[in-house]
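Let's take a walk through a structure together, one stop at a time.

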Amino acid sequence: MYSRRRFLRAGAAGGVIASATGLLPAWAKSASAGNKGIFELAGNSFDLTVGHSAVEIGKRRGHAITVNGTVPGPLLRFREGEKLTLRVRNMLDEDTSIHWHGLLVPFYMDGVPGVSFPGIKPGATFTYEYAVPQYGTYWYHSHSGLQEQAGHYGPIIIDPAGADPVTSDREYVLVLSDWSFDHPHKVFARVKKDMEVYNFQQRTIGDFVSDVGKNGLGATLEDRAMWGQMRMSPTDISDVTAAAYTYLINGHSTADNWTGIFNTGERVRLRIINASAMTIFNFRIPGLPMTVVAADGLNVQPVETDEFQIGVAETYDVIVAPKRARAFPIVAESIDRSGQVVATFAPEPDMRATAPLLRERPTLTHKDMGMAAMAGMNHGGMDHGAMTGEMDHGAMSGGAMQEHNHKTGAGVDNVAMAPSNRLDEPGLGLEDVPHRALRYSQLRSLDPNPDTRAPEREMEIHLTGNMERYMWSFDGVKFSAVEKPIIFHEGERLRVTLVNDTMMTHPIHLHGMFFDLVVDESDHKPRKHTVNVKPGDKLSFDVSAEHVGDWAFHCHLLFHMHAGMMQVVSLLPRDGAAPTVPGATKEDHKGMDHGSMKMSGETMQTRETSSPDHSKMNHGSEH
Amino acid sequence: MAQATFFSIAGGACFILASAIAPAKAADPTPPWSQADEYYDPTEMAEARRAVQKEHGGNTMYYVLADRLEYQTDDGDPLLLFDGQGWWGGDMNKLTLKSELEYDFNAGRFHEAELQALWTRPIARYFDVQAGVRHDFTAGADRTFGVLGVQGLAPYWFEIDAALFVSGEGDVSARIEAEYELMLTQRLILQPRTELNFAVQSIEEVGVGSGLSTAEVGARLRYEIKRQFAPYVGVSWSRSIGETADLARADGDDPGGVSFVAGLRLWF
């Protein structure tokens with residue numbers, strides 16, 4: 001926890017004010033402040049200072065924890081495969097850290113205190129050194145306390161060593177985030193004490209009357225009784241809402257109007273990063289179709305859409321090609337629709353696009369309770385024919401009840417009795433928008449998957465929690481109570497199935513490796529580092545255990561992680577001894593050759609290209 | 001005899017409380033993961049490991065709620081009432097304090113002054129069990145009780161607080177409180193509330209008869225300027241029942257009536 005006194009002093013001293021128009025780094029500036037959307041290569045040696053700064057957001061002064069004095073921090077841009085040196089100096093009076101989100105770094109450079117390194121002490125400088133075998137759009141953030149909520153995050157662009165298959169005339173980074181003028185620990189404590197503290201979209205007497213008018217008294221009472229019996233609320237969508245947050249694009253609130261410029265006919269690449277602490281966004285540019293070309297940094301086969309839901313920590317690269325010289329609004333709306341941030345995309349720097357009105361808030365349904373099959377509902381128009389294999393078992397095979405071999409008790413308020421695979425759905429509230437909305441099932445990796453072996457081992461992990469008590473966990477065990485990590489063995493191919501027993505969307509992030517999201521059984525599955533697991537969802541990813549080390553695995557909603565929804569994946573060396581004997585494998589990875597981390601798949605691809613044989617797979621659960 | 005039993009109950013509760021709140025034992029000597037120990041000082045890693053686990057789900061915090069801080073007209077015999085509780089602790093173990101104070105303006109003294117210190121632990125998804133002691137500071141009826149209760153959220157969103165009290169003299173009584181929150185708008189909330197008190201045996205010196213002794217039903221309409229700060233107005237009907245009412249009448253007291261209330265609900 002950082003000191004509030006210190007925090008205030010930084011503000012009172014005036015210090016350097018990173019105002020929306022003034023001192024932001026070039027990439028985050030508005031067009032009127034000189035950002036024309038063309039960036040230079042930033043190099044391969046970076047000096048980063050983490051400290052307290054005053055910031056100005058929407059004309060209001062706030063206090064932030066920053067990297068090099070601004071929110072967001074500087075853009076780190078470098079080239080694939082180049083050796084980097086990043087010196088991080090801690091000017092706070094508490095420990096800090098930087099985690100390189102999505103980067104395949106050696107685990108001891110991953111930046112998670114207590115998992116991959118000891119953290120950076122006050123006054124100390126830690127030097128990260130690594131080279132990464134990948135390119136694309138990523139980001140960095142603190143993995144200490146709630147510093148990320150206070151402004152400690154920034155974007156990363158890695159340029160390819162060779163030619164980029166995605167070409168554009170201009171590019172912008174759009175860092176979406178949620179800013180609170182309140183101290184992050186205060187916000188967390190309020191939610192912990194009263195989970196509805198920021199929800200001003202609850203169902204009222206007025207809703208009851210209008211529902212009776214629409215559905216009749218009997219149906220309305222039945223609906224209220226069902227929710228009341230479960231002690232859950234269908235409007236419980238975001239724990240922290242616009243009542244506490246000012247949503248930002250590149251550090252600019254709607255009032256600050258970040259503007260990106262274009263010339264008609266240009267192909268413009270937007271690198272969109274959700275660097276929020278707690279906000280899943282719906283992203284759209286009304287009037288301008290977007291072609292998604294990359295997800296979580298890796299290229300996908302181009303797919304055109306009008307809107308997508310972006311989980312915390314996910315990134316999407318899109319190409320837009322405006323044909324008319326007009327101002328378009330860039331809209332990031334929070335999933336609960338309590339608020340939004342609007343920026344402008346226009347031919348001239350001093351234009352302001354008309355902001356669309358907030359849309360009506362969505363509500364949760366039976367399906368979100370993990371009762372899809374039980375309620376006898378159809379699966380949202382899913383095309384079952386197109387989804388063979390994996391999607392056929394569990395709830396999809398016609399109402400088989402989900403097993404729950406995990407801990408329950410006070411920390412688990414619900415178990416999904418009949419979860420359904422929701423990869424073919426666009427996300428809460430986007431099911432019925434009058435335009436295209438992206439679904440994970442539409443994503444196909446541009447390159448063939450590097451490892452197409454059938455999984456040799458399966459495990460099931462449940463996302464669990466108690467909303468009322470604000471306790472969050474995996475398999476009913478908070479991180480504070482974890483005694484054993486999740487074990488991966490080097491060289492094995494695993495299928496990990498996530499079952500969401502809760503009624504919230506959880507962006508689940510696995511450090512240190514990309515996983516292949518099982519949208520089908522092809523060799524072009526989308527490869528991701530973070531996946532939005534919808535309420536009552538049951539999805540799988542395949543992952544190759546390659547990078548030995550201890551890796552964090554957690555929900556990227558910062559407060560869920562803080563409340564316990566975190567684990568460690570210990571990826572143990574192939575010929576290593578038991579995990580309880582550290583040192584036995586020391587020589588094996590001390591001098592880890594990062595060249596062998598290549599994702600290009602030259603070696604992997606030759607292993608097996610035939611489609612996986614399901615009959616051999618053990619569909620039982622394992623914990 | 002009863003006194004001895006009571007003290008052993010109270011002592012037991014205090015011991016449980018102390019051991020529940022004391023920090024957990026030192027970590028197991030076999031760390032759950034340790035691969036980074038090969039690159040960094042193992043002592044520093046061990047410390048960071050303990051810290052990262054504690055920070056993610058093992059934090060303690062506090063909560064203070066003044067559910068009713070109000071002025072009651074009470075048929076021309078006005079009262080100032082405070083009914084609140086607070087806790088300190090983590091998800092599994094909390095120290096809870098509850099207090100109810102009634103100050104009688106005309107008499108210039110506390111009609112009721114009660115403090116409870118309870119150890120709280122979850123027993124179900126939405127319910128906690130609470131055990132500890134209660135002391136009534138009321139002049140002339142200064143008594144101590146052992147307490148065993150449950151508090152939580154019943155189906156259909158009823159907030160329940162129910163407890164059994166055993167006094168130092170071995171008298172047994174019980175109290176159940178239920179509240180409901182009806183959202184008229186996002187900030188205007190109607191809170192119906194009821195409280196029933198029961199006694200197993202009559203205790204004439206404090207004016208309590210056996211059976212249902214007192215009942216209170218009320219409704220408060222509050223406006224949440226912030227969720228944490230809500231002024232309200234309301235009405236409360238309370239009266240003594242049965243034998244307790246007889247005892248009141250015998251003392252020349254009114255067995256009960258309607259009171260208009262105005263107050264503040266606060267939490268932080």
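The paragraphs below begin with the whole chains, move to the contact between them, and end with some single residues.

Before anything else, please keep in mind that this is a predicted model. As a whole, the model scores ipTM 0.88 and pTM 0.88. For chain B, the average pLDDT is 88, and 89% of the residues score at least 70. One stretch of chain B stands apart: over residues 1–28 the pLDDT is below 50, and beyond near neighbours in sequence this stretch has 26 contacts in the model.

Now look at the two chains in turn. Chain A contains six helices and 31 strands. It has 623 residues, and 56% of them are buried. Among the contacts in chain A with a separation of 6 or more, 78% are between residues 24 or more positions apart. Chain B has three helices and 13 strands. Of its 268 residues, 30% count as buried. In chain B, residues 24 or more positions apart account for 43% of the contacts with a separation of 6 or more.

How many residues does each chain bring to the contact? Chain A gives 51 residues and chain B gives 41 residues. On the chain A side, at least two residues each come from α2, α4, β30 (549–555), α5, β31 (566–572) and α6 (586–590). By class, the residues on this side of chain A divide into 21 nonpolar, 17 polar and 13 charged.

Which of its residues are buried? They are A:Pro184, A:Val187, A:Phe188, A:Arg190, A:Val191 and A:Lys192. Their cover includes β10 (170–180) and α5 (558–562) of chain A, together with β1 of chain B.

Next, find a pair of helices in chain A. Two packed helices are described by the angle between their axes and the distance between the axes. Here the pair is α3 (residues 205–215) and α4 (residues 217–230) of chain A, whose axes come within 7 Å and cross at roughly 130°. With that angle, α3(A) and α4(A) are therefore oblique to each other. The crossing in which α3(A) passes α4(A) is right-handed. On the α3(A) side, A:Phe208, A:Asp211, A:Val212 and A:Asn215 take part, and they meet A:Leu217, A:Ala219 and A:Thr220 in α4(A). Sorted by class, this contact has four nonpolar, two polar and one charged residues.

Staying in chain A, look at the loop between β3 (60–67) and β4, where A:Pro72 lies. A cis peptide bond joins A:Val71 and A:Pro72, with omega about -10°. Strand β4 itself, residues 76–79, holds A:Arg79. Is A:Arg79 buried, exposed or partly exposed? It has 18 C-beta neighbours inside 10 Å, so it counts as partly exposed. Leaving aside residues up to four places away in sequence, A:Arg79 touches A:Ile158, A:Asp159 and A:Ala161. A:Leu357, on the other hand, is 278 residues from A:Arg79 in sequence and 41 Å from it in space, C-alpha to C-alpha.

Over in chain B, the loop between β1 (61–72) and β2 (79–89) contains B:Thr73. With 16 C-beta neighbours inside 10 Å, B:Thr73 counts as partly exposed. Not counting residues up to four places away in sequence, B:Thr73 touches B:Pro78, B:Ser259 and B:Phe260. The C-alpha atoms of B:Thr73 and B:Ala262 are separated by 9.0 Å, although the two residues are 189 residues apart along the chain.

The loop between β1 and β2 of chain B also holds B:Asp75. Its phi is near 55°, a positive value in a residue other than glycine. B:Asp75 is exposed, because 12 other C-beta atoms lie within 10 Å.

For the last stop, return to chain A and find A:Asp296 in the loop between β15 (290–295) and β16 (298–305). A:Asp296 has a positive phi of about 55°, although it is not a glycine. Is A:Asp296 buried or exposed? With 26 other C-beta atoms within 10 Å, A:Asp296 is buried.

Notes
Residues are numbered from 1 along each chain as its sequence is written. Chains are lettered from A and ligands numbered from 1 in the order in which they are written. This is a predicted model: local features need pLDDT of at least 70, side-chain atom pairs count only at pLDDT 80 or more; totals for chains, interfaces and linings use all residues. Helices (H or I, at least four residues) and strands (E, at least two) are DSSP runs, numbered from the N terminus. A residue is buried if 20 or more other C-beta atoms lie within 10 Å of its own, exposed if 12 or fewer, and partly exposed in between; C-beta atoms are placed from the backbone. Two residues are in contact if their C-beta atoms, placed from the backbone, lie within 7 Å. pLDDT is the predictor's confidence in each residue, from 0 to 100. Axes are lines fitted to C-alpha atoms, for helices over the stretch in contact, and angles run from 0 to 180 degrees between N-to-C directions. Angles under 35 degrees count as roughly parallel, over 145 as roughly antiparallel, 65 to 115 as roughly perpendicular and the rest as oblique. A crossing is left-handed if the near helix is turned anticlockwise from the far one by less than a right angle, and right-handed if clockwise. Ala, Val, Leu, Ile, Met, Phe, Trp, Tyr, Cys and Pro count as nonpolar, Asp, Glu, Lys and Arg as charged, and the others, Gly among them, as polar.
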